[in-house]
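Keep the sequence and the 3D view open as you read.

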Amino acid sequence: MARTYIKDISKSVGSEVTVKGWIDVRRDQGKMVFLDLRDVTGKVQAVVLPNHVEALDVAQKVRPEWIVSVTAQVNKRPERNIKEGVINGDVELEVLTIEVIAEAQDVPFELGSEVNLDTHLDLLPYTLRGEKYKSIFKVQSTILKAFREFLITEGFTEFQAPKLIGEDAEGGANSFDLEYFGHTAHLAQSPQFYKQIMVGVFERVFTTGNVYRAEKHATSRHLNEYTSLDFEMGFIKDHTDIIEMETSLLRYIISALKKECTREFELLNATFPELPENVPVMKLREAQQIIKKEFGEDCSQEPDLEPQHERWLCEYAKKNFNSDFIFITHFPISKRPMYTYEDENDIGYAKGFDLLFRGVEITTGGQRIHNYEKLVKSMENKGLNSNQFRYYLQAFKYGMPPHGGLGLGLERITSKFLGLENIKEATMFPRDINRIDNLLSQ
Ligand code: ATP
Ligand code: MG
């Protein structure tokens, strides 16, 4: 008999189905056995009655995480046993036969038990199966899908950026170096050079993939390998075109989540963010004045925002604009990478922005220098040897339109959408200073 997914069994009340999946829980009750069965689509309770002798014999042996194929009669539950609001809360399987497809060893604890982060990470191939993590990664995959869908409809072309690179766009401080046939290569910290080069080919491009940051500090928002969602577009007026595109993109992502992940948001006790018609946008210097006035700290001499400043600005945006998002523009050029475009009307400051969401930065973006001579000059001003970047510079030598783009951290945005305390909970296989799957010290 063809396999029926668990979410669909209520359509088969009164007939027989074959369900395949994992044993979630087994409960023995007198001469009967109750099994909670789980597949990718959900869970259902199955009962094995004493008159099905062979099935009962197997049911008494199975344990959590064994994989079985069950044929069963789908029955409506008696009124008093109906579980409201639970998928399949009104139906039950009466098992006719059970076949064991694969056995499993004893599990360390019941799936879905509250365990600390380290235990979760140690046992990840098991714990990821729990409803909480399945929901987190369903949301993450929906964000990624919506990112792609939106940009494709806006005329962007997807490409794959290399991860092994010679020179780094973001500067060498946080780069992982590796031996490369007698030379030194780096793991890319971003797809920056390649997405700009590709603007010369497709005008509008995007790429999603892992990037690497050798950040030694352990925080709740940094990973050493994360997924960067990047786009870059040509023929822009200035950085405000990028801000507008990102705002529409976020609106699309939020509506996709509302359509496809309401159950996951409920299960995780998460709330959909507020993205008003006009998301607040302000210069760094204005933001610093607000911090001084509203929160009493003078950070006006600083070139960047500290984590506490980001939290305050988000608090301010929520209170005054009912927005979970706020764009901060015009950071000092001196602290931004060499490809950053200086505002002709505000010398010393970048036509670029950070987007803050629920207390942290989730995006950096802006306009880039497209003029060859200016770019070479900017490299020199930063003390860089332009000859080392000659490969990338060809894109500008041979004609580039005004362009800009952004990078958005997938794990960071997922954890903020869902109100998770640590970014590692929104990372399937997090790498940190102490761990690549297993703890490095073990
Ligand atoms: P931060 O100041 O928070 O360390 P950044 O300014 O160094 O971030 P960018 O180079 O601007 O980071 O990267 C763009 C986006 O990529 C960030 O806004 C964030 O969403 C994400 N991101 C950057 N570094 C990390 C990291 N180590 N782990 C996870 N996500 C990151
Ligand atoms: Mg940044």
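The points below go from the whole chain to single strands and then to the ligands.

This is a predicted model. The protein chain has 442 residues, and 51% of them count as buried. Its secondary structure comprises 12 helices and 19 strands. Along the principal axes, the C-alpha atoms fill a box of roughly 85 × 55 × 40 Å.

- Start with strand 1, residues 16-29, which runs antiparallel to strand 2 and is joined to it by seven bridges.
- One bridge pairs glutamine 29 with methionine 32 of strand 2.
- The two strands make a hairpin, with two residues between them.
- Glycine 30 sits in that turn and has a positive phi of about 60°.
- Strand 2 also pairs with strand 3, residues 42-48, again in the antiparallel sense and over seven bridges.
- Here phenylalanine 34 stands opposite valine 47 of strand 3.
- A hairpin of two residues links strand 2 to strand 3.
- Strand 2 covers residues 32-39, and seven of its eight residues are buried, so the rest of the structure largely encloses it.

- Strand 12, residues 281-283, runs parallel to strand 13, and three bridges join them.
- Lysine 283 has threonine 329 of strand 13 as its bridge partner.
- Strand 14, residues 352-357, runs antiparallel to strand 13, with five bridges between them.
- On that side, threonine 329 is the bridge partner of phenylalanine 353 in strand 14.

- Three strands line up in the order 17-18-19 to form an open sheet with antiparallel pairing.
- Strand 17 (431-432) and strand 19 (438-439) are at the edges with a single partner strand each, so one side of each has no neighbour in the sheet.
- Two bridges pair strand 17 with strand 18, residues 435-436.
- Arginine 431 stands opposite isoleucine 436 in strand 18.

**Two buried residues**

- Valine 70 lies in strand 4, residues 67-76.
- Its relative accessible area is 1%, so valine 70 counts as buried.
- Valine 70 is 57 residues from valine 13 in sequence, and their C-alpha atoms are 16 Å apart in space.
- Serine 190 is in the loop between strand 9 (183-187) and helix 5 (192-202).
- With a relative accessible area of 13%, serine 190 is buried too, because the cut-off is under 20%.
- A polar atom of the serine 190 side chain lies 3.2 Å from the backbone nitrogen of glutamine 192.

**Ligand 1**

- Which residues come nearest to ligand 1? Of the 14 residues around it, they are Glu215, His222, Glu361, Ile362 and Thr364.
- The shell around ligand 1 has four nonpolar, five polar and five charged residues.
- Strand 15 (360-368) and strand 16 (403-409) each supply at least two residues of this shell.
- Strand 15 gives the most, with four residues.
- An N or O atom in the side chain of histidine 222 is 2.6 Å from an oxygen atom of ligand 1.
- Threonine 364 has a polar side-chain atom 2.8 Å from an oxygen atom of ligand 1.
- For arginine 412, a side-chain N or O atom is 2.8 Å from an oxygen atom of the ligand.
- On its own, ligand 1 has 590 Å² of accessible area, and the protein covers 83% of that.

**The magnesium ion**

- Which residues coordinate the magnesium ion, ligand 2? They are Glu361, through OE, and Thr364, through OG1, at 2.1 to 2.3 Å.
- Glutamate 361 is partly exposed, with a relative accessible area of 22%.
- Threonine 364 is also partly exposed, at 33% relative accessibility.
- Glu361 and Thr364 are also among the residues that come nearest to ligand 1.

How values were computed. Residues are numbered from 1 along each chain as its sequence is written. Chains are lettered from A and ligands numbered from 1 in the order in which they are written. This is a predicted model: local features need pLDDT of at least 70, side-chain atom pairs count only at pLDDT 80 or more; totals for chains, interfaces and linings use all residues. Side-chain values use heavy atoms; hydrogens and water are left out. Two strands pair if DSSP finds at least two bridges between them. Donors are N, O and S atoms within 2.8 Å of the metal (3.2 Å for Na, K and Ca); water is not among the atoms, so sites may look incomplete. Buried means under 20% relative accessible area, exposed over 50%, partly exposed in between (1.4 Å probe, protein chains only). A residue is near a molecule or strand if one of its heavy atoms lies within 4 Å of it. A polar contact is a pair of N or O atoms within 3.5 Å; within protein, one must be able to donate a hydrogen and the other to accept it, and residues adjacent in sequence count only if both atoms are side-chain atoms. Accessible areas come from the Shrake-Rupley method with a 1.4 Å probe; for residues, only the protein chains shown count as cover. Ala, Val, Leu, Ile, Met, Phe, Trp, Tyr, Cys and Pro count as nonpolar, Asp, Glu, Lys and Arg as charged, and the others, Gly among them, as polar.
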